[in-house]
Amino acid sequence: MGKVVVCDHPLIQHKLTYIRDVETKTKDFRQLVDEVAMLMAYEITRDLPLQEVDIRTPVCPTKGKVIAGRMLGLVPILRAGLGMVDGVLRLHPTAKVGHIGLYRDPETLQPVEYYEKLPSDVHERELIVIDPMLATGGSAAAAISLLKKRKCTQIKLMCLIAAPEGIEAVHSEHPDVDIYVAAVDERLNEQGYIVPGLGDAGDRLFGTK
């Protein structure tokens, strides 16, 4: 079974408090999400393999370590996932970015796909699927299924906040996928929103209603 990693660094938890706050305006909300994504990227890439290389410092020859193995790919789920991409790219600027467009049908709460654009070598990359909110888990599970149909095998899921129901749904369909979050909240309400959550991440990122 895939693991659930709660990124509980004090800086992440501090910033998450202001992300949740209804008084936080769009500009600050966007910046805070970006900063938390960058901090979470440090944790989610902790197990990237390294290889030794020969270099020369201004003093003498020595050996150093560089990232080896599979290249990184980021796959934000549109549209809210876009708010976390730049933070990860600042640490890993060579990562390629694909996009999957899904929205949740308000009646059935099931994901509906409307867009897909992935790097041609997506199956060769270690992928991070990005969506700020893991609520019912339907969209994340559907995105991961789509990637697996493209022969992708190294997939992680990165979210700001998850509901227990969403974690269970993703792991029931994809037990091999590790989930990285800043917090696991109490539950979903009748409308499928995470409680206490932060509201609609897309609306708060882009100033829409």
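Author: Helices here are DSSP runs of H or I with at least four residues, strands are E runs of at least two, and both are numbered from the N terminus. This is a predicted model, in which local features need pLDDT of at least 70 and side-chain atom pairs count only at pLDDT 80 or more, while totals for chains, interfaces and linings use all residues. Residues are numbered from 1 along each chain as its sequence is written, and side-chain values use heavy atoms, with hydrogens and water left out.

Reader: Is V59 buried or exposed?
Author: Buried means under 20% relative accessible area, exposed over 50%, and partly exposed in between, with a 1.4 Å probe and protein chains only. V59 has 74% relative accessibility, so V59 counts as exposed.

Reader: How many Å apart in space are V59 and Q154, C-alpha to C-alpha?
Author: In sequence, V59 and Q154 are 95 residues apart. In space, C-alpha to C-alpha, their separation is 40 Å.

Reader: K15 is in helix α1; is K15 buried or exposed?
Author: Helix α1 covers residues 10-20. Contact means heavy atoms within 4.5 Å. Beyond its neighbours within four places in sequence, K15 is in contact with L32, E35, V36 and L39. At 17% relative accessibility, K15 therefore counts as buried.

Reader: Which side chain makes a polar contact with the side chain of D121?
Author: D121 lies in the loop between β7 (111-117) and β8 (126-130), and its 12% relative accessibility means that D121 counts as buried. Leaving aside neighbours within four places in sequence, D121 is in contact with M71 and K96. A polar contact is a pair of N or O atoms within 3.5 Å; within protein, one must be able to donate a hydrogen and the other to accept it, and residues adjacent in sequence count only if both atoms are side-chain atoms. At 3.1 Å, the side-chain partner of D121 is R125.

Reader: Which residues of β8 are buried on the side other than that of E126, I128 and I130?
Author: In a regular strand the side chains alternate between the two faces of the sheet. In β8, 5 of its 5 residues are buried. E126, I128 and I130 cover one face, and the other has L127 and V129.

Reader: How many bridges join β8 to strand β10?
Author: Two strands pair if DSSP finds at least two bridges between them. Strand β4 (residues 72-78) runs parallel to β8 with 5 bridges, and there G73 stands opposite L127. Strand β10 (residues 155-158) also runs parallel to β8, with M158 as the bridge partner of I130. The number of bridges between β8 and β10 is 4.

Reader: Which are the edge strands of the open sheet of 3 strands?
Author: The strand order is β9-β11-β13, with parallel pairing. Each edge strand pairs on one side only; these are β9 (133-134) and β13 (183-184).

Reader: In β11, which residue is the bridge partner of M133?
Author: β9 and β11 (residues 161-162) pair in the parallel sense over 2 bridges. The partner of M133 there is I161.

Reader: How many Å apart are the end C-alpha atoms of helix α4?
Author: The expected span of a helix is 1.5 Å times one less than its number of residues. Helix α4 (residues 138-149) has 12 residues, so it should span 16 Å. The model agrees, with end C-alpha atoms separated by 17 Å.

Reader: What is the phi of K151?
Author: Most residues other than glycine have a negative phi, and most peptide bonds are trans. K151 lies in the loop between α4 and β10 and counts as exposed because its relative accessibility is 65%. The phi of K151 is positive, near 70°.

Reader: Which residue does a cis peptide bond join to V195?
Author: Omega of this bond is about 0°. The residue sits in the loop between β15 (194-195) and α6. A cis bond also leads from L78 to R79. The residue joined to V195 is P196.

Reader: What volume does the largest pocket have?
Author: On a 1 Å grid over the protein atoms alone, a pocket is an open set of points where a 1.4 Å probe fits, with protein on both sides within 12 Å along at least five of seven lines; lining residues have an atom within 4 Å of a point. Grid points are joined across faces, edges and corners, and a volume is the space filled by probe spheres set on the points. For the largest pocket it is about 650 Å³.

Reader: Which of the 28 lining residues are the closest to its centre?
Author: Elements giving two or more residues to the lining of the largest pocket are β4, β6 (99-104), β9, α4 and α6 (201-206). Closest to the centre are Y103, R104, D131, S139 and D200.
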